[in-house]
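Student: Could you show me how to read a fold, feature by feature?

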Amino acid sequence: MKYDFDQPLNRYHTDSVKWDGAASVFGSDDLLPMWVADMDFPVAAPILKALHQRIDHGVFGYTIAGAGVRQAVIDRMQNKYGWKVQPEWLVFTPGVVSGLSFAVKAYTKVGDHVVIQSPVYFPFMDVAVNNGCQIANSPLRLNGARYEMDFDSLQQAFEPQDGKTARSSLYILCSPHNPVGRVWSKDELMRAGRIAIDHGAIIIADEIHGELIFEGRQHVPFAGISEEFEQNSVVFIAPSKTFNLAGLAASVAIIANEKLRQQFQLAASGFMGGVNTLGLTALEAAFREGDEWLTQLLDYLHGNVRFTLDFLAQRIPEVKAVEPEGTYLMWLDCTGLGMDIRSLRDWMRHQVKLGLNDGYMFGPGGEGHQRLNIACPRALLREALGRLEQAVSCLR
Ligand SMILES: Cc1ncc(COP(=O)(O)O)c(C=O)c1O
């Protein structure tokens, strides 16, 4: 079946965070929202069909992640990466961020440090700080047109902080990386993992964007690298970003190490509810029957990436973007506009009339940047970039 990603889609009046929530967040009701990481495309036909069938049953009682759902996850990991996952390793969570929070709760003590690599998806900092931890940051380094890990500073981030008391017990790895769009190579993951394990830290690999990978790149699941990595990590996956199912809040923590699994379950017990019925239905359909749609989606998204890069280079050279290797998020370097954090934020909202994510929210290194979500019909992207061009031309 051929999907038409150019088809305009009106999401207003669906209580969409991105569209209906924009006015209150940005203080303006005539801006184009290109922020929250979901897509302005309907889901794959087999997912809709499975959901319709489930709804037609008419009963929505408590639901388990049954053998079919578990097998769909196991088969997905085997078929995509050759990673053999056992059914008992799977812990279903209603979203990745809540899972991250329980992981911090499970594997740290109050006062511990959690290692992150900024600029990074800002809830990583929230889940650490809100569980009583501190941040040990190893900022990414821009090398030419590509962000890289800084292994020297990563090493330092794991050394005891604050004298003898605080230790870095946890490393939250964003793989692929939101917002800079890197798909980490096996070599990079092995080096980072080695450093963390040598310092006795547990690695939490947030791989929610793991299937949004452009041609020529390959996602490597952290725990699939070796048995040692498997035993010292928790990998979070979900169909939510890949298949545009974020509102159904179904995700999976893959925890091979029995002790880590028990600690996670204990930390979550009494706090975390089960995954909702429709989320599980959608997850299974997506993993089993979503690939035809996904192949076409990735092709379309890659077209949007190229369109954006060309548009910026030719018409708005003051704003630069790194080319993402995966994800549908583009990291715009607006430092050439010479604005401070507040001016850039206000200008983007009130002059450009675009709702983007402010870069400074992603931690050190994010200042002067904006995150653009390109998962929308190209005409909308053209409109957004046109607004930016117009506003920049007024500054020249
Ligand atoms: C790296 C990363 N992790 C987690 C999430 C959100 O996950 P969830 O909605 O399942 O909590 C996002 C959403 O953008 C993300 O980019």
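Tutor: Let's talk through the sheet, then a crossover, then a pair of helices.

Student: What should I know about the model before we start?

Tutor: This is a predicted model, where local features need pLDDT of at least 70, side-chain atom pairs count only at pLDDT 80 or more, and totals for chains, interfaces and linings use all residues. Residues are numbered from 1 along each chain as its sequence is written.

Student: What order do the strands of the open sheet have?

Tutor: Strands (E, at least two residues) and helices (H or I, at least four) are DSSP runs, numbered from the N terminus. Two strands pair if DSSP finds at least two bridges between them. Here seven strands form an open sheet with mixed pairing, in the order β2-β10-β9-β8-β7-β3-β4. β2 (90-93) and β4 each have a single partner strand, so one side of each is left without a neighbour in the sheet.

Student: How many bridges join β3 to β4?

Tutor: Four, between residues 113-116 of β3 and 134-137 of β4, and the two strands run parallel. Val114 stands opposite Ile135 in β4. The chain gets from β3 to β4 through helix α5 (residues 123-129), in a right-handed β-α-β crossover. Right-handed means that, with the strands pointing away from the viewer, the path from the first strand over the helix to the second runs clockwise.

Student: At what angle do α2 and α10 pack?

Tutor: Axes are lines fitted to C-alpha atoms, for helices over the stretch in contact, and angles run from 0 to 180 degrees between N-to-C directions. Helix α2 (residues 45-57) packs on α10 (residues 277-289) at about 145 degrees, with axes 8 Å apart.
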